[in-house]
Amino acid sequence: MGAEIATFICGRAGVCALGAVVAKHAGDEAGVAHYLSAFKEIKIHSKSPDELLYGRAGYLWACTFLNKHLGDNTIPPTTTDTVMRDIIRDVRTLSTIGCPLMYEWYGEKYWGAAHGLSGIMHVLLDMDLTKDDTECVKGTLRYMIQNRFPSGNYPVTEEDKHDRLVHWCHGAPGISLTLAKASQVFPEERFLEAIAEAAEVVWNRGLLKRVGICHGVSGNAYTFLALFRLTKKKEHLYRAKAFACFLLDRAKQLIADGIMHSGDEPYSLFEGQLGMAYLFLDMINPLDSRFPGYEL
């Protein structure tokens, strides 16, 4: 399979991992074996980036997805630990004063979930880290909280001075999901407080003119769902319902009128209306909701 993109969201790893899990639920043992065999043939290029969307973290997420749904050690530690160590080696190399780990993409130190530091930290939180690496992840997330914008939103890059984007891919919505994961790993009140503060940003600025989960209203609703799962406070569920109801009641007409954008790929999961449909399904059982391709 060569040096293709080897991630869950954009690469063959996602096709194989999802295929294996679907085959399991269908009782198709031959299908499970087929997709697992194909998954294990995937090779990660030595120059692959470390991010979630196109890089090593995205491959690791696919491994953890398989281990969750098919059983521990479906993808053994001999595979996952090697990839994890490569990521940690790289992000340690780019560390800055006060920030133990850092990631660079196209010459910019990105912070977001899709292409940046937040997405990498999110995946590492599911790994069997050493004590030192665990402290580095915690310290990095603390650094991000301390250096966010005064509004509670997060910059796209380390040098970004413009408080603009409120998306899963860049900004408070995606980083809030990483902080939600961190609050379960590190029982510190500061992480929960930061998620709540990010949720205020999303509530006030997250009703975008796009429907998708990557950079649209559907994805932003998952900040409230994550907070609801953590706290069981109904105000967060109310806010998630408000975003979902807005889409249900108005998205179709707003798209038809050209006011709302349905995505460059209108029926895709991350950019288009399939992401909106996924949110609607998650609203049936909000305590079981998960941002697809990110929350396990």
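Okay, let's start with Cys214: leaving out residues up to four places away in sequence, Cys214 touches His167, Trp168, Cys169 and Phe270. Keep in mind that this is a predicted model. Cys214 sits in the loop between helix H8 (189-205) and helix H9 (217-231). Buried or exposed? Cys214 has a relative accessible area of 11%, and the cut-off for buried is under 20%, so Cys214 is buried.

Now, on to the record. UniProt, in an unreviewed entry, lists Cys169, Cys214 and His215 under "binding site". Those residues are spread over 47 residues of sequence, yet they cluster in space, with a largest C-alpha distance of 6.4 Å.

Cys169 is in a loop too, the one between helix H6 (131-146) and helix H7 (172-185). Cys169 also counts as buried, because its relative accessibility is 7%. If you skip the neighbours within four places in sequence, Cys169 is in contact with Gly112, Ala113 and Ala114, plus Cys214 and His215.

Zooming out, then. The protein has 11 helices and 0 strands. Its radius of gyration is 19 Å, close to the 19 Å from the globule rule for 296 residues, so the protein is as compact as a globular protein of that length. The C-alpha trace spans about 50 × 45 × 35 Å along the principal axes. Buried residues account for 54% of the 296. As for contacts between residues at least 6 apart in sequence, 63% join residues at least 24 apart.

Methods. Residues are numbered from 1 along each chain as its sequence is written. This is a predicted model: local features need pLDDT of at least 70, side-chain atom pairs count only at pLDDT 80 or more; totals for chains, interfaces and linings use all residues. Side-chain values use heavy atoms; hydrogens and water are left out. Helices (H or I, at least four residues) and strands (E, at least two) are DSSP runs, numbered from the N terminus. The radius of gyration is taken over C-alpha atoms; the globule rule is 2.2 Å times the number of residues to the power 0.38. Buried means under 20% relative accessible area, exposed over 50%, partly exposed in between (1.4 Å probe, protein chains only). Contact means heavy atoms within 4.5 Å. UniProt positions are given in the numbering used here, feature names are shortened, and annotations may be inferred rather than shown by experiment.
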